[in-house]
Amino acid sequence: MVFIEGVVIRHSKGLYDVQTDGQVVPCRLRGNLKKEFVRHESANIRRIRQAKRKRVSDPVVVGDRVRFERVTEEEGIIVEVFPRRSQFARPVAEGREEHVIMANLDQMVIVFAAAEPRPDLWRLDRFIVVAEASALEALIVLNKMDLMDDPSREHERAEIHQAFHVLERIGYRVLYTSTADGRGLDELRAALVGKISVFCGPSGVGKSSLLNALQPGLNLAVSEVGEVTHLGRHTTVIAQLIPLDCGGWVADTPGIRQLGLWNVAPEDLEVCFREFAPFLGQCRFNDCIHLHEPGCAIRLAVERGEIDERRYRSYAQLRQETPPDR
Ligand SMILES: Nc1nc2c(ncn2[C@@H]2O[C@H](COP(=O)(O)OP(=O)(O)OP(=O)(O)O)[C@@H](O)[C@H]2O)c(=O)[nH]1
Ligand SMILES: [Mg+2]
Ligand SMILES: [Zn+2]
């Protein structure tokens, strides 16, 4: 029996497209694959998982590395799925089940425009929180920088630089790009090499334009993904990976754009604001949620200017919004 390894780049209706050495083979899942996943865990771990963890509904998703066997010239059967480095999921309805959208993502490329539309920093913070909660690297891209060359926008430009420097200071990488004059595109391309990246950001900021500028001919694939958003009763998110010539993968997933705060439990929010880290554990009460408690080390750091006030307000807003149990 010859087994071949590959990456699932598309999934629809029980058929998985697996990319291997430049060719794509449609595969089905071996019937008992799901059961085997469970058997691999010890009885003990299984019990703990069942008690503590949300049930995971998808044995194989886009991004999974799999081993398959050819059954015909045109089709294969997936017989094994390798352990995931990471997975991107969101809860389904109220239940304790979660819907895994993609596996093995490396980074979230969070795209905003310098203008048209103006960057909504509160929304940007939400994207960053989701990246942190999913353990994805966040790469922030501020596109349409060409619009900032207009002398009448000098004030706006200063404001934007100030706001994005705050993010750079706390350790996020920010790339300043323009698909109109090409600035920043080489850096962006270099940042995608060898990684699975997901582009997200509000509508109209230039995500598709950036992808097309990086790799002409991507046009079709990108808009295809954009079209298939809501299918059926639940929001079914169709994801696919697009191989880049530079040797990376891009996933342009519509569902990720409309993100709420899935995946983020309220008590985890504080660690999603990475600049809080040096102060965590120093509050007077160890169950401090950093909103109104006396002796709060986070709020003290804000007063001292050690934590950016706008970022703190973002935290406070999100902490109050996040329901106690998801
Ligand atoms: N001035 C300027 N315009 C740009 C730039 N990049 C994209 N645009 C324009 O911005 C508009 C939106 O670009 P898209 O690439 O469709 O944006 P998107 O983020 O993919 O939007 P959705 O698919 O709706 O989420 C288009 O009219 C682009 O021509 C840029 O760097 N500078
Ligand atoms: Mg688009
Ligand atoms: Zn506190």
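**Close-up 1. Spacing and geometry of the zinc site in the predicted model.** Along the chain, the donors of the zinc ion (ligand 3) follow the spacing C-x4-C-x1-H-x5-C, and the model in which they are seen is a predicted one. The zinc ion (ligand 3) is coordinated by Cys-283 through SG, Cys-288 through SG, His-290 through ND1 and Cys-296 through SG, at 2.1 to 2.4 Å. The angles among the four donor atoms run from 102 to 114 degrees, and the site of the zinc ion (ligand 3) is tetrahedral.

**Close-up 2. Packing of helix α3 with helix α10.** Helix α3, which covers residues 121-133, packs with helix α10, residues 309-321, at an angle of about 70 degrees, and their axes lie 10 Å apart. Because angles of 65 to 115 degrees count as roughly perpendicular, α3 and α10 are described in this way. The crossing of these two helices, α3 and α10, is right-handed. On the α3 side, Leu-121, Trp-122, Asp-125, Arg-126, Ile-128 and Val-129 take part, and they meet Arg-310, Arg-311, Arg-313, Ser-314, Leu-318 and Glu-321 of α10. Sorted by class, the residues of this contact of α3 with α10 are five nonpolar, one polar and six charged.

**Close-up 3. Crossing of helix α5 and helix α6.** The axes of helix α5 (residues 185-192) and helix α6 (residues 207-214) cross at roughly 85 degrees and come within 10 Å, and α5 and α6 are therefore roughly perpendicular to each other. From α5, the residues Leu-185, Leu-188, Arg-189 and Leu-192 meet Leu-210, Ala-213 and Leu-214 in α6. The contact of α5 with α6 has six nonpolar residues, no polar residues and one charged residue.

Note on methods: Residues numbered from 1 in each chain as written. Chains lettered and ligands numbered in written order. Predicted model: local features only at pLDDT ≥ 70, side-chain atom pairs only at ≥ 80, totals over all residues. Heavy atoms only, no water. Axes fitted to C-alpha atoms, helices over the stretch in contact; angles between N-to-C directions. Helix = DSSP H or I, 4+ residues; strand = E, 2+ residues; numbered from the N terminus. Parallel < 35°, antiparallel > 145°, perpendicular 65-115°, else oblique. Left-handed = near helix turned anticlockwise from the far one by under 90°. Contact = heavy atoms within 4.5 Å. Nonpolar A, V, L, I, M, F, W, Y, C, P; charged D, E, K, R; others polar. Donors = N, O, S within 2.8 Å, 3.2 Å for Na, K, Ca; no water. Tetrahedral: all angles 85-135°; square planar, octahedral: opposite > 155°, others 65-115°.
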